[in-house]
There are 2 protein chains.
Amino acid sequence: MTETEVDIDQLTVTTIRALVIDAVEKARSGHPGMPLGAADMAYVLWTQFLRHNPRNPRWPNRDRFILSAGHGSMLLYALLHLSGYDLSMEELQHFRQWGSKTPGHPEYNPDLGVEMTTGPLGQGFATGVGMALAERWLRHYFNRPDFPLIDHYIYAIVSDGDLMEGISHEAASFAGHQKLGRLIYLYDDNHISIDGPTTLAFTEDVAKRFQAYGWHVQRVDGHDRQAVAQAIANAQGEEERPSLIMARTHIGYGSPHKQDTAQAHGAPLGPEEARLTKERLGWPPDRTFYVPDRVYEHMRKAIDRGEAWESEWQQLWEKYRAQYPQLADQFLRFWHDRLPEGWDAGMPTFEPGTHLATRKASGAVLNAIAARVPNLIGGSADLTPSNATYLKGLGDIEPNNPTGRNLHYGVREHGMAAALNGIVLHGGLIPYGGTFLIFSDYMRPSVRLAALMKVPTIFVFTHDSVWLGEDGPTHQPVEQLPSLRAIPNLTVIRPSDATEVVEAWRYALTHRQEGPVAILLTRQSIPVLDRSQLAPAVGLHRGAYVLAEAQGASPQLLILASGSEVHLALEAREILQAQGVPTRVVAMPSWEIFERQGDAYKAEVLPSHIRARLAVEAAVPMGWERYVGIHGDVIGLDHFGASAPYKVLMEQFGFTVENIVARAKRLLGRP
Amino acid sequence: MTETEVDIDQLTVTTIRALVIDAVEKARSGHPGMPLGAADMAYVLWTQFLRHNPRNPRWPNRDRFILSAGHGSMLLYALLHLSGYDLSMEELQHFRQWGSKTPGHPEYNPDLGVEMTTGPLGQGFATGVGMALAERWLRHYFNRPDFPLIDHYIYAIVSDGDLMEGISHEAASFAGHQKLGRLIYLYDDNHISIDGPTTLAFTEDVAKRFQAYGWHVQRVDGHDRQAVAQAIANAQGEEERPSLIMARTHIGYGSPHKQDTAQAHGAPLGPEEARLTKERLGWPPDRTFYVPDRVYEHMRKAIDRGEAWESEWQQLWEKYRAQYPQLADQFLRFWHDRLPEGWDAGMPTFEPGTHLATRKASGAVLNAIAARVPNLIGGSADLTPSNATYLKGLGDIEPNNPTGRNLHYGVREHGMAAALNGIVLHGGLIPYGGTFLIFSDYMRPSVRLAALMKVPTIFVFTHDSVWLGEDGPTHQPVEQLPSLRAIPNLTVIRPSDATEVVEAWRYALTHRQEGPVAILLTRQSIPVLDRSQLAPAVGLHRGAYVLAEAQGASPQLLILASGSEVHLALEAREILQAQGVPTRVVAMPSWEIFERQGDAYKAEVLPSHIRARLAVEAAVPMGWERYVGIHGDVIGLDHFGASAPYKVLMEQFGFTVENIVARAKRLLGRP
């Protein structure tokens with residue numbers, strides 16, 4: 001059969017496969033196996049089902065497509081290119097090269113149609129769950145009879161690796177519980193993993209497992225395009241259950257020697273095998289990066305289809321705007337992530353001299369904000385009362401109450417973090433999620449992904465130090481604080497008192513372009529600082545600030561502290577001042593924000609000539625040397641904690657005013 | 001019914017419950033709900049099934065018991081105390097206090113019968129899987145007809161929280177695949193989590209899910225002790241499938257106002273409710289920490305039983321030793337974690353000037369060691385060829401080949417890490433497991449647990465920097481290196497070349513009392529350093545060492561580097577020396593080992609008077625300030641990587657000899 005005789009579906013799928021082969025060969029690096037195997041079903045999905053507009057990848061009501069098996073990135077790039085997205089053939093030819101739009105794994109690019117960064121397995125799977133929650137919330141909040149403003153699906157292609165990862169369990173169980181029927185996941189069941197056949201390690205009954213989660217499960221031949229289409233249609237008809245379509249495919253489809261082997265997974269086929277594969281696929285073996293005109297013509301109908309869909313939606317929108325102007329305004333505000341006028345007018349104030357855990361202050365702040373910001377969505381991984389994350393009187397988000405304001409994620413920190421990312425990525429809502437700081441370890445890959453995508457996910461981490469006390473070292477974070485600070489793009493804020501908590505939330509909600517924020521809060525009560533005697537809490541917006549200036553002379557000593565250690569620093573300062581040591585206390589709630597300030601401000605807060613610097617923080621001291629220097633000292637914890645009442649721990653671990661004073665004097669060379 | 005009339009089973013269970021209530025009340029902190037609910041089934045397990053010896057908690061053939069729901073620690077402490085372990089009533093009275101043996105969550109204490117640290121949910125569940133793998137391996141390796149030297153069960157009590165965590169999925173799927181029939185887990189199905197009823201978030205069909213994993217599942221009333229006993233007996237009869245016994249229990253059993261509510265979970269009942277609960281349980285409300293003599297008498301039969309079991313086993317052992325002296329010697333060696341004579345005699349050597357990825361050097365080293373150390377067990381989370389962790393020709397560990405030497409964990413990093421911990425905790429084997437460094441994030445809670453328990457789990461992390469190249473930022477670690485260094489008790493080693501890899505493994509296998517080790521290895525080839533011109537690689541055993549001394553004069557400049565950046569430092573040194581700058585290069589493969597050296601050695605390597613110090617490491621530079629000081633500089637990466645060939649990335653990110661030279665000169669104040 002010559003090229004012109006082949007039916008257009010087959011010709012297009014083969015074009016995709018050939019592009020994949022060529023790009024991987026040219027890069028001498030990449031993963032051809034998955035795209036070759038999944039090309040049929042991806043083609044069906046993209047041409048028959050996916051409602052999107054290549055000319056406006058940000059169209060709010062588009063279907064979302066996630067390539068959870070991100071190593072198959074060339075499949076996505078081929079589809080984007082052929083469908084008319086802003087991705088040229090040159091970009092395909094620069095696959096995996098510096099500065100290209102075609103990196104090894106897909107990187108979030110909302111102007112290109114890449115809905116999220118994928119590659120770390122399970123993340124795409126779990127992030128889609130958040131997108132589906134957001135879609136359902138907005139659909140029920142905004143839609144009116146005959147006005148389906150938000151009404152779309154979340155599709156993903158997932159791999160055996162996605163399903164082996166624990167996060168897929170958390171996400172799938174949660175999605176089943178939430179009855180997220182708009183999730184339609186195609187499982188690229190190719191029976192091959194990197195080590196060899198999946199039978200080496202993965203013999204669970206996937207269908208039964210997902211049925212146990214409350215999913216709708218179908219099995220199809222992933223190369224039978226009609227069967228795939230029928231399965232997707234069935235899945236669309238299923239509104240109550242998320243769908244898993246188990247599509248049996250062949251990795252490295254078409255490769256005479258590598259199909260159905262692990263060799264097809266993560267390395268180029270090699271010139272000879274590439275040639276043989278093309279021949280077997282009925283493709284001219286010597287042509288590279290070749291797209292027949294018929295294929296372009298066929299695929300770029302996506303542009304017309306997309307523009308028609310969006311223009312229909314625009315008409316709907318205009319009518320909606322006329323009929324429901326307030327809702328429409330709200331929709332725009334939600335969509336463009338703008339806060340309403342006076343959003344922070346109800347912020348609580350706290351009485352100096354009283355004692356309050358910063359987590360409780362946070363709870364008060366959140367409830368004040370939530371009353372004025374209707375798209376603020378709370379949640380916790382089964383620590384709602386402990387995290388003080390509940391938005392009171394605003395209901396839970398449940399299948400029968402989709403526009404509630406609180407999510408019970410269950411004991412699923414990782415699934416929660418990914419869902420938060422998904423809600424953010426979908427757009428329209430401002431979610432936060434809470435757990436203990438120690439359990440940030442359980443969700444670290446998703447926290448990292450938020451940072452890598454630089455999206456404004458907000459993580460609430462309470463019980464932020466060993467001062468949680470009796471629960472002991474399994475629950476006491478020590479290394480989590482420096483470990484979070486080590487993540488690029490993540491802003492970590494550890495407020496000094498209740499008043500700074502207000503500013504922490506104000507910062508988080510008004511600096512969303514800076515990426516994700518982690519707010520660290522105490523379990524224990526700490527003093528509300530007397531701001532009439534101290535610098536105002538707004539200093540938090542500069543990351544570090546002079547909270548209490550040295551008196552009597554210019555400072556001889558700097559004490560730097562964050563969170564629950566700040567009030568100890570202030571008390572130590574009183575004693576040192578009384579003993580004739582002019583002492584400045586610098587509150588340092590956020591290194592990252594401080595680093596964003598100009599050098600002049602930084603030098604003002606931490607003048608370089610003052611060498612006697614003491615940092616006080618209940619965590620592994622890694623990194624403080626940057627601020628205290630080689631002549632400075634840190635009162636930190638370079639060991640795990642212990643189970644005991646926290647006041648006992650403070651004594652035992654040297655977090656006392658006396659010890660701060662003693663260590664300060666040692667620094668100053670005084671007895 | 002008076003106390004003397006109550007049957008002894010009921011009396012003992014009530015005693016346990018009363019001890020739990022009293023200890024939590026006295027501590028004013030703790031989790032009474034789970035122990036009150038699970039007391040019946042725990043009692044049945046401990047008195048009718050668990051083969052253990054309270055007088056020798058280290059008896060090799062004991063059954064292992066894991067309280068995966070570690071917050072119920074008082075249940076374990078009550079059982080240990082009553083059964084005659086070295087845990088006095090005073091210790092129960094000091095529950096959750098400084099220095100007690102009864103911390104808030106169980107902490108690994110092999111002399112007390114606490115098999116592992118639990119509390120972070122899912123960890124106990126997943127760690128047991130490793131114990132079962134070890135038991136099966138040793139059983140098949142050592143047992144001979146009529147000599148069941150190793151032949152025991154792994155029991156655990158697990159909670160809904162354990163089953164919600166993703167790690168439970170990884171572990172359960174893997175255990176089902178491996179047909180670990182000796183695992184018998186009691187699921188404390190009390191329908192309550194911290195947020196409220198489990199129906200808020202957890203509505204999956206647990207039985208069906210575990211059947212899908214290939215588990216044997218039973219349901220019982222967890223307060224019907226006969227039914228529990230029958231279920232455990234059934235589970236014991238099931239050799240091919242791990243068992244989950246779903247025991248419906250009532251959290252806070254007996255508490256008139258808090259039973260079956262979340263209030264019973266994590267706080268004391270309160271004096272009044274404690275009193276009411278005791279009354280309802282038929283217990284004298286005014287007596288605290290009361291154990292009837294009959295109960296002590298009954299429970300302490302565990303001592304006689306245990307001593308009888310162990311003495312029977314000792315007789316078996318003596319006969320075995322006579323009949324199989326070589327095997328017996330080997331058993332002792334394995335058990336006491338001793339390496340055979342000449343274990344490292346076959347270590348490979350590497351040709352200076354050639355290029356080799358350190359992961360490949362590691363593969364050669366491992367295979368050399370494995371030939372002489374028959375209890376070295378390899379494995380990888382589906383990256384076996386990439387991690388170079390395979391022990392060639394030694395077979396896979398599978399149900400039909402239980403004494404193989406390689407484990408295919410699947411794409412289950414977290415499950416792997418916990419299983420590694422379990423293999424180590426069981427005793428008898430030396431396991432290691434590999435994945436990419438980036439995926440250390442997926443297994444961090446288990447890495448932390450190894451560190452907290454200070455057990456010698458070995459983690460192999462390859463693809464240890466952005467120099468993995470084309471796979472891009474999703475796969476390129478930058479913050480993982482400092483984040484691992486932040487974990488107390490974890491030794492991180494990043495060897496400078498193939499020759500140091502030999503020493504890294506030598507260190508890991510001979511310093512097992514120091515806790516877990518992470519060995520970080522390159523994807524890319526790097527030069528094998530010419531040790532005839534440089535200091536020997538044995539310097540690794542001091543963490544940092546002078547690799548190349550300044551020539552011509554005492555050093556004006558120190559360049560510190562680890563891993564793949566060391567050879568760049570050496571090349572830069574050549575240029576600087578040629579330009580008249582006496583330059584010392586310090587190889588710094590392990591901060592932790594260096595910190596264990598004396599101050600004199602540290603000052604010798606990093607003399608305090610040399611202020612011009614430049615560190616070079618392809619990672620977030622956090623913490624290097626400790627070594628380079630405020631006057632020093634670090635060439636690091638304070639941002640994520642990018643997808644491109646690694647040599648391009650090295651140029652773009654300033655990891656070139658030219659840039660090192662330029663930055664060094666800037667430090668020295670030279671143009």
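Predicted model: local features only at pLDDT ≥ 70, side-chain atom pairs only at ≥ 80, totals over all residues.
**Symmetry.** I laid chain A on chain B. A turn of 180° with a shift of 0.0 Å along the axis does it, at an RMSD of 0.0 Å. That relation is a two-fold axis. I then looked for the C-alpha of chain A nearest the axis. It belongs to Gly166(A), 1.8 Å away. Both copies use the same surface: 100% of the contact residues of chain A recur in chain B.

**Arg444(A).** I found this residue in helix α17 of chain A, which covers residues 444–453. Is Arg444(A) buried or exposed? Its relative accessibility is 2%, so Arg444(A) counts as buried. I listed its contacts, leaving aside neighbours within four places in sequence. Within chain A, they include Ser483(A), Leu484(A) and Ile487(A).

**Largest cavity.** My search of the whole structure gave 9 cavities of 30 Å³ or more. The largest holds about 120 Å³ of space. Its lining has 15 residues, and the closest to the centre are Glu170(A), His414(A), Tyr442(A), His414(B) and Tyr442(B). Helices α7 (166–177) and α16 (413–426) of chain A, and α7 (166–177) of chain B, each give two or more residues to this lining. I sorted the lining into 5 nonpolar, 4 polar and 6 charged residues.

**Second largest cavity.** I put its space at about 90 Å³. It is lined by 13 residues; His52(A), Asp63(A), Tyr85(A), Gly113(A) and Glu115(A) lie nearest its centre. In chain A, β1 (64–67) and α3 (73–83) each supply at least two lining residues. By class I have 7 nonpolar, 2 polar and 4 charged.

Conventions. Residues numbered from 1 in each chain as written. Chains lettered and ligands numbered in written order. Heavy atoms only, no water. Least-squares fit on C-alpha atoms with pLDDT ≥ 70 in both. Contact = heavy atoms within 4.5 Å. Helix = DSSP H or I, 4+ residues; strand = E, 2+ residues; numbered from the N terminus. Buried < 20%, exposed > 50% of the residue type's maximum accessible area, 1.4 Å probe, protein only. 1 Å grid on protein atoms, 1.4 Å probe; cavity = no way out; pocket = protein on both sides within 12 Å on 5 of 7 lines; lining within 4 Å. Points joined across faces, edges and corners; volume = space filled by probe spheres on them. Nonpolar A, V, L, I, M, F, W, Y, C, P; charged D, E, K, R; others polar.
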